[in-house]
Amino acid sequence: MRYSKFFIPTLRDDPADAEVVSHRLLLRAGFIRRVTSGVYDYLPMGLRVLRKIEAIVREEMNRAGAQELLMPMVQPCELWEKSGRLGKYGPELLRFEDRHDHESCLGPTHEEVICDLVGRELRSYKQLPMNLYQIQAKFRDEIRPRFGLMRGREFVMKDAYSFHADDADLEREYRLMFDTYTTIFNRFGLKFRAVEADTGSIGGSDSHEFHVLADSGEDLIAHCEACEYAANVEKAVSERELPAGSPAELAEVATPSVSSAEDVAAFLKVEPARLVKTLLYRLQGGEHDGDIVAACVRGDDQLQEIKLAHAAGSDTVEMAAEEEIRAAGGVSGFVGPQGLSCRVYVDATLEGAEGLVAGANRADAHVTGLSIARDVGEAVIVDLRETRAGDRCRRCGGGIALSRGIEVGQVFALGRRYTEPMEVMFQDPAGKRAVATMGCYGIGVSRLMAAVVEQCHDDAGIRWPLNLAPFQVALITMGQGEAAMRASESIYRELSGAGVEVLWDERRERPGVKFKDAELMGLPVQVVVGDRGLERGVVEYGPRGGDRSETGPDAVVGAVMELIGSGF
């Protein structure tokens, strides 16, 4: 492709609204342009990268036995009502009515649509297992889109759905998809980690996320430094020892205008770990919708709200209002677990603890000598705390470290979460009707483009891996002399004929501009043809950002092919 004929609107300066590296560089290099909040155009360069990501994903999914189809983005809301998700998914589900007053939504995911399809076509166990996937645009009405392609409202996703006659076969496919994802991300040359994950709004019994490791990642990952254990902090479990405490009588002490854990610890001259933070929440969704519950963690820990929601059997939790705290027997800022008229959940690290400090449920007062077993005997003991760096791994006792990650894929064992309400049934070998079991497997294709840039860049621009670069070679002609143009065109035609993707910069621009654009766009190999070099009978070639070598114009194509073949 000749640069002068290609649409590549590069920018000299960083866009003011670009907060992370990938957003800044993809805009500057002319790969994407913003249409509206969280929605982007993929320009020719960006689309070439997107298609290469899709091709690798498609190749490995096909190799694993999955079959590609395409489902509509617009979905009838009655399908979501049938699955029970219409009222639970929240405002990210963009709904609208057509001219016939039929309510529809823009699909953020396709569990309902695929179950409707398979439920109408599935007859016998002999048709199972089946794994169907698509690569398609999704829409989620994010409240605060940010970071360019990393957190957009419209995005490209590969979503696959498998159906099985029993749970054992689902487990087999889950492991196959896990291994397939590992192969896909290895082919991208990424540093990534698979972690245990919460199933979130999708639901199901088991899930793993795949995270590209990057400081700009929105997710926090806990991982053991001695074994393979890794999990999103929403799900991670670990161990910490509570400082020893002695049994004592429950006694009230005055703490005037002192309510935060840190301030109370300083005021009473005790370790923050000896404090009990008691937080009251309202449950949303589930059997106990609207109930108020208390959650207790040690004073130097943070509560993980998703863990509380799971423990209480609710969809989500929300902080209780002032009047709800009073109705439960507490006083805002001085709540303790003893004597509350609601269910109390206590973090497992506090089980059996003695000599603790907690709110007295009276203004300006705390209690000392609190015993979980004696004073909060009805409490439910469960893991509630957020794992911290330096904790001990429950599996091997090794140290826990924290890293940032960009979630680019997730696999779910859904079981019968959707197939039962959507009536996906088949005739089993005994001739009886049975409900299929199901898995789903997603990869953020457009987010992967951003994640690759977050790992693969330098001060000059993007550093695309060879198999993802929009073009493999940047052919740069220095000056407009007849000899340089003629030699460049010959090299361009020969490389193109050999199947190499070449972007030939034959513009009437200064050499500095051409080199800056080539570095910014991140094409892996550069070939430089100039009049001065040709006078000596040489052209230059080499990897982007590396040392260039010299060779004759007739030999450069072979040299470039060898360089590309090496993967350098």
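What share of the contacts in the protein chain with a separation of 6 or more is accounted for by residues 24 or more positions apart? In this predicted model, such residues account for 69% of the contacts in question. The chain contains 14 helices and 31 strands, and its C-alpha atoms fill a box of roughly 95 × 65 × 50 Å when taken along the principal axes. Of the 568 residues, 53% are buried, while the accessible surface of the chain comes to about 24900 Å², with 47% of that area belonging to carbon and sulfur atoms.

Helix α1, which spans residues 21-28, is mostly covered, since seven of its eight residues are buried, a term that denotes under 20% relative accessible area. The buried residues of this helix are Val 21, Ser 22, His 23, Leu 25, Leu 26, Leu 27 and Arg 28. They pack against elements from several parts of the numbering, namely β1 (32-36), β2 (39-42), α10 (445-455), β25 (457-458), β26 (461-462) and α12 (511-521). The helix is followed by Gly 30, whose phi is positive, near 75°.

Two further buried positions illustrate how individual residues are surrounded. Pro 470 is found in the loop between β26 and β27 (473-478), and it is buried with a relative accessible area of 0%. When neighbours within four places in sequence are left aside, Pro 470 is in contact with Phe 31, Met 45, Arg 48, Val 49, Lys 52, Trp 464, Glu 501 and Leu 523. Pro 470 and Asp 531, which are 61 residues apart in sequence, are separated by 28 Å in space from C-alpha to C-alpha. Ser 104, by comparison, lies in strand β6 (residues 103-106) and is buried with a relative accessible area of 10%. Its contacts, again leaving aside neighbours within four places in sequence, are with Val 74, Gln 75, Pro 76, Cys 77, Leu 94, Arg 95 and Phe 96.

Backbone geometry was examined next. The peptide bond from Leu 128 to Pro 129 is cis, with omega near 0°, and Pro 129 lies in the loop between α4 (111-121) and β7 (130-139). Asp 364 has a positive phi of about 60° although it is not a glycine; this residue is placed in the loop between β18 (356-359) and β19 (365-370) and is partly exposed, with a relative accessible area of 34%. Phe 568 likewise is not a glycine but has a positive phi, of about 25°. Phe 568 is found in the segment after α14 (556-566), where its relative accessible area of 48% makes it partly exposed.

A negative surface patch is formed by Glu 78, Glu 81, Glu 97, Asp 98, Asp 101 and Glu 103. Within this group, Glu 78 lies in helix α3 (residues 77-83) and is exposed, with a relative accessible area of 52%.

Side chains of opposite charge can pair when their charged atoms come close, and the structure holds 51 salt bridges. One of them joins the side chains of Arg 172 and Asp 169, with an N to O distance of 2.9 Å. Both of these residues lie in helix α5 (residues 167-187), three residues apart, or about one turn of the helix; Arg 172 is partly exposed at 37% relative accessibility, whereas Asp 169 is buried at 18%. Asp 375 forms a salt bridge with Arg 374, the closest N and O atoms being 2.9 Å apart, and here Asp 375 is partly exposed at 21% relative accessibility, as is Arg 374 with a relative accessible area of 43%.

A further salt bridge is made by the side chains of Glu 519 and Arg 544, at 3.7 Å from N to O. Glu 519 lies in helix α12 and Arg 544 in the loop between β30 (539-543) and β31 (549-551), so this pair ties together parts that are 25 residues apart in sequence. Both Glu 519 and Arg 544 are buried. Finally, a network of salt bridges links Arg 240, Arg 298, Asp 300, Asp 301, Arg 385, Arg 388 and Asp 391.

Methods:
Residues numbered from 1 in each chain as written. Predicted model: local features only at pLDDT ≥ 70, side-chain atom pairs only at ≥ 80, totals over all residues. Heavy atoms only, no water. Helix = DSSP H or I, 4+ residues; strand = E, 2+ residues; numbered from the N terminus. Buried < 20%, exposed > 50% of the residue type's maximum accessible area, 1.4 Å probe, protein only. Contact = heavy atoms within 4.5 Å. Areas by Shrake-Rupley, 256 points an atom, 1.4 Å probe, with all protein chains shown as cover. Patch = residues over 30% accessible without salt bridge, like charges linked within 9 Å, V, L, I, M, F, W, Y side chains within 5 Å. Salt bridge = Lys/Arg side-chain N within 4 Å of Asp/Glu carboxyl O. Lys, Arg positive; Asp, Glu negative; His and termini not counted. Charge placed at Lys NZ, Arg CZ, Asp CG, Glu CD.
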